[in-house]
Amino acid sequence: MSDPIRSTRPEEVASAEDAALVGLLDLLAAPARLIAADGTPGSVNRSYAALMADGRPLLGEVERLDLADGRRIEIWPRGSATMPVLADAIEALEEGFAVWDANDRLVLFNRRYRDLYRDFNDLTYPGVDFAAHARARLNAPQLQMSPEEVEAYVERRRQERRQNLPPFESERIDGRWIRLVDRTMPDGGLVSVRIDVTDLKRREARAAERSQVLQATLENMSDGILAFDDEHRLIAWNDRAFALAGLPEEMKRRGVQVVDLVRAQTANGEFGDVPFEQVFRTHSEWLANARPDSYERRRPDGTALLVRHNFARNGGFITTFTDVTAQRQAEEDAERHQAILSAVAEAAARILSGESWLEQTRILLARAGAVLAASRVILTEVRYDADGERRLSDVLVWNAPSAPQPPVPMPPDMAAARHDAFSDWWDRRQRGETEQALTRDLDAAKRAFLEPLGVRSLLRMPVMIGEVVWGTVGLDDCLSDRIWHPIEVEALRAVANLISVAINRARSEEARLDSEETYRRLFEAAPDGIMITEQQIIVSANAAAVRMMAAASERELVGRNIYEFVPPEYHAIAKLRARVVRESGQPAPYREREMLRVDGTRFVVETTGTKVAAGGRDRLQLIFRDVTEKRRAAAEIQRQREALIQSEKLAALGSLLAGVAHELNNPLSVVVGQSFLMEETATDERTRARAVRIRAAADRCARIVKTFLAMARQRPPERGRVAMATIVRSALDIVAYPLRTSGVELAVDVPEELPLLWADADQLGQVVMNLLLNAQQALMERPPPRRLSVRAVLLKGGARLRLTIADNGPGVDPHLRRRIFDPFFTTKPAGVGTGVGLSVCHGIIAGHDGTIWVEDAPGGGAAFVVELPLGEGGGDDAPATAAGAADGAGRHILVVDDEPDIAAMMGEILDGAGFRVTTVESGREALDLLARLHFDLVLSDIRMPDIDGRDIWRAVAASGRPATPIAFMTGDSLGAAAADFLIEAGCEVLEKPFDPPEVVAFVRRLLGRPV
């Protein structure tokens, strides 16, 4: 038979043999349905039967009879009235569906299955063997499989299909991905399901790309981040989180449970002695509450860690870790500073109150020792006997409860002569000097005295009465080798001054009056504002208070109610604090509050209050310091830190651009040179015109590359004669694309005939590009039309040139124009600008003795104007070529470059100019030739894999032979090592990419000057 399966009617049988078979099969009463030519179903009154497939009758199979008029009859086995419905259901599946018999022959399939194998439709039919179908697909030319590989694959797949393997995916030749599912049936047959998962695979690939971007972003963050899904499994993290949280490296994998992470932290001692169960119970309670949480904890190494938990919309949560050690240390230092000042202020109030100076000094020493965390505070008096011998006596000694007691007490009235080792100290204290030292660093005599007392470090301050040393007040530390902080030194100096004042008051009424004057001087000289009130009325104010309150003099404050300078919302708390201070006699703790100046403006202060008893009158002393500048300084430091980060990012971007530019240099040099040679040697105009277009495009690429390199170079300015038109054209090459895509209409009027400037071309190019980019960003804030103009003119007198870059954007606020050139000042939103661009422009223009300013552009917008002097750099920078070097006849040149195309092109260029040229592609070959032959000039690349240009230069310099001139070709003059070498060698450099005229002129210039 010609068809694998043929259907017919009994009366259409052509042979007696077939007729007999039809007669037998016609005894089967099988249901059937008629399908008209237009696809509509109908009915049939007579039963039909299938004939055969490959000579065998097909019983119990769905058969189809095609009639001559386009209709068909579908015949089903006896008792299978539901088979048409089942067939329709299978046909409706979106997946490919097929049934194979026990002999691996295709029984039935749906249209989707056939579509998935559409390139093999002629082999997809009932009765086809699996092996034949598979061989047809594997013999596709794209697969390039040998017959043995095809048969091995077919046999392996025949066995795998019967093993009920899990679903797997396979990529087809046309790029589609198919998921294959094969399941065996009880009768030995096989059901095959094929699902097209191409779209799913593409989505997975895109998700993987997004995951990589997310991971890179996480790793660039300063905070540690851990992300968990709704089942508390780790799904994302950065290395910073594992370092800050104290987690082991082996747990960096997806799916790790949070309970395992907490267990690892507990095992590492991150939570001290707290057992794991207690730690995790706290964590579980937070998870059950499902609300954000944050707390701080100290790590075993002393790091202060801020931990924040936040729930995500998908039911998971995110934990962040922030190192706040430096911030907390700064806060602790500030609190300690405030405590010291508070103690000194309280002591001043007590000592000056007229009470017993000795008792108040005892309290002062105890407060100072506690605040300064000293082991011992000692007040020592110097006395002289009748013979004039100096003796020492400890007047007061305060010991910290936790400090060790001295094993050898200080003897009373100790003769200083018995401790001559300290005579130099006493001489210095007599001059009012401070002494601090570590016992371990002292000479043997001093150590022998201090070590038995347990002193490891000390600080001594003279107590002066006028110009005479009354004694000393000192701090001992018996626990550590302590370096005393400047704040601690100043605090002890204040204690010494207060003790001096107290002693003066105790000596006599004159001393009392003198001490009052001293206090007044301290009062007036205090850097903090001080106002003394009585019944809420100001009775005195020092100079600092007058200055902070913006008053003309003390008289403008005295007599007014203190609450006139307290904002109304703080009245209640201020009165409560005043009552507590008055009743307890204890100073109020420092707090930040707002106060009102005389003109009603607000400012933020740190303030405290103390009770002052003077003449039986109830007075309060208000001490405050303006922290506005402190806040502003902190904000400025933060802003500068952020600006520095942005600057580092820009520097990294510049390095990346420079690297890309360097990689383009060699192929660009080949394109530029070969296009020039093609233009010179072309025999027809069409080829020459193509060469001209190629060369023009390559020249533009070369300018862009050189501009990138110039931007990324970190080198001193190099001035020369430069054309403003060239600078503007180079900058526009870089920014042309963003201007064009932003819909900016560009107008350029920079005549080529303008006089040359004596300037650094790279720096001026940076200025022009910054101004162009600023204008483009400003234009994005307004709807089209967006216009940008660049115009340059020579001013009257012919000594200065003016460049104007104007746009029709929103312009610059007149109040901001004098600030926009300040470093780090920016009007752009956070994350958009760093505020350094215009500052850099201003610095560059000022360095060229020029000026830059901003003004209104005609018709609206901003116009940045740059004026530059032409300068006095001399005429043409290019030295004249010597007469003897007009051509290359007889001059032998060695070209060394590891890029074969560059070496060949250089040889072709110089050979065309009349030189003898030898080219090599390694430094080793070059040294071999230099050892045997003489060359008039060596042109070498700097960076090569084996022996580079620097090695060649050093070998020639060390050879002792007559010096051979060496010049270098490079596309990498950015590196510090390369730059230092070029300065050391004093050799000329030909920067890539270059064109043939440039090469020939360079070589002729070098050969025309003396070696």
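This is a predicted model: local features need pLDDT of at least 70, side-chain atom pairs count only at pLDDT 80 or more; totals for chains, interfaces and linings use all residues.
**Entry 1, the neighbours of strand 35.** I looked up which strands pair with strand 35 and found strand 33 (residues 800-807), running antiparallel to strand 35 and joined to it by seven bridges. Within that pairing I located Thr804, which stands opposite Val865 of strand 35. I then turned to strand 34 (residues 851-856), which also pairs with strand 35 in the antiparallel sense, here over six bridges, and I noted that Ile852 has Val866 of strand 35 as its bridge partner. Strand 34 and strand 35 make a hairpin with five residues between them, and in the turn I found Gly859 with a positive phi of about 85 degrees. For later reading of such pairings I keep in mind that side chains in a regular strand alternate between the two faces of the sheet.

I next traced an open sheet of five strands, whose order I wrote down as 14-13-17-16-15 and whose pairing is antiparallel. The edges are strand 14 (234-237) and strand 15 (293-298), each of which pairs on one side only. From one strand to the next I have an average twist of 20 degrees. Helix 9 (residues 276-289) packs on this sheet, where it touches strand 15, strand 16 (304-311) and strand 17, and the direction of helix 9 makes about 35 degrees with that of strand 16. Inside the sheet I followed strand 13 (residues 224-228), which pairs with strand 17 (residues 317-323) in the antiparallel sense over five bridges, and I marked Ala227 as standing opposite Ile318 of strand 17.

I then asked how helix 9 lies against helix 8 (residues 258-267), and found an angle of about 135 degrees with the axes 10 Å apart. Helix 8 is therefore oblique to helix 9, and the crossing is right-handed. On the helix 8 side I listed Val258, Val259, Val262, Arg263 and Thr266 as making the contact, and on the helix 9 side Phe276, Val279, Phe280 and His283. Sorted by class, this contact has six nonpolar, two polar and one charged residues.

Helix 4 contributes Phe130, Ala131, Ala134, Arg135 and Leu138 to the contact, while helix 5 contributes Val150, Glu151, Tyr153, Val154, Arg157 and Arg158. I count these by class as seven nonpolar, no polar and four charged residues.

For helix 20 (residues 724-741) and helix 21 (residues 761-779) I noted axes that come within 9 Å and cross at roughly 30 degrees. Because angles under 35 degrees count as roughly parallel, helix 20 is roughly parallel to helix 21. The crossing of helix 20 and helix 21 is right-handed. The contact residues of helix 20 are Ile727, Val728, Ala731, Leu732, Ile734, Val735, Pro738 and Leu739, and those of helix 21 are Leu764, Gly765, Val768, Met769, Leu772, Leu773 and Gln776.

Finally I collected some backbone angles to revisit. The peptide bond from Pro784 to Pro785 is cis, with omega near 0 degrees, and I placed Pro785 in the loop between helix 21 and strand 32 (786-794). Asp104 has a positive phi of about 65 degrees although it is not a glycine; this residue is found in the loop between strand 8 (96-100) and strand 9 (106-109). Is Asp104 buried or exposed? At 4% relative accessibility, Asp104 counts as buried. His232, in the loop between strand 13 and strand 14, is a residue other than glycine with a positive phi near 65 degrees, and at 27% relative accessibility His232 counts as partly exposed.

Definitions and conventions. Residues are numbered from 1 along each chain as its sequence is written. Side-chain values use heavy atoms; hydrogens and water are left out. Two strands pair if DSSP finds at least two bridges between them. Helices (H or I, at least four residues) and strands (E, at least two) are DSSP runs, numbered from the N terminus. Axes are lines fitted to C-alpha atoms, for helices over the stretch in contact, and angles run from 0 to 180 degrees between N-to-C directions. Contact means heavy atoms within 4.5 Å. Angles under 35 degrees count as roughly parallel, over 145 as roughly antiparallel, 65 to 115 as roughly perpendicular and the rest as oblique. A crossing is left-handed if the near helix is turned anticlockwise from the far one by less than a right angle, and right-handed if clockwise. Ala, Val, Leu, Ile, Met, Phe, Trp, Tyr, Cys and Pro count as nonpolar, Asp, Glu, Lys and Arg as charged, and the others, Gly among them, as polar. Buried means under 20% relative accessible area, exposed over 50%, partly exposed in between (1.4 Å probe, protein chains only).
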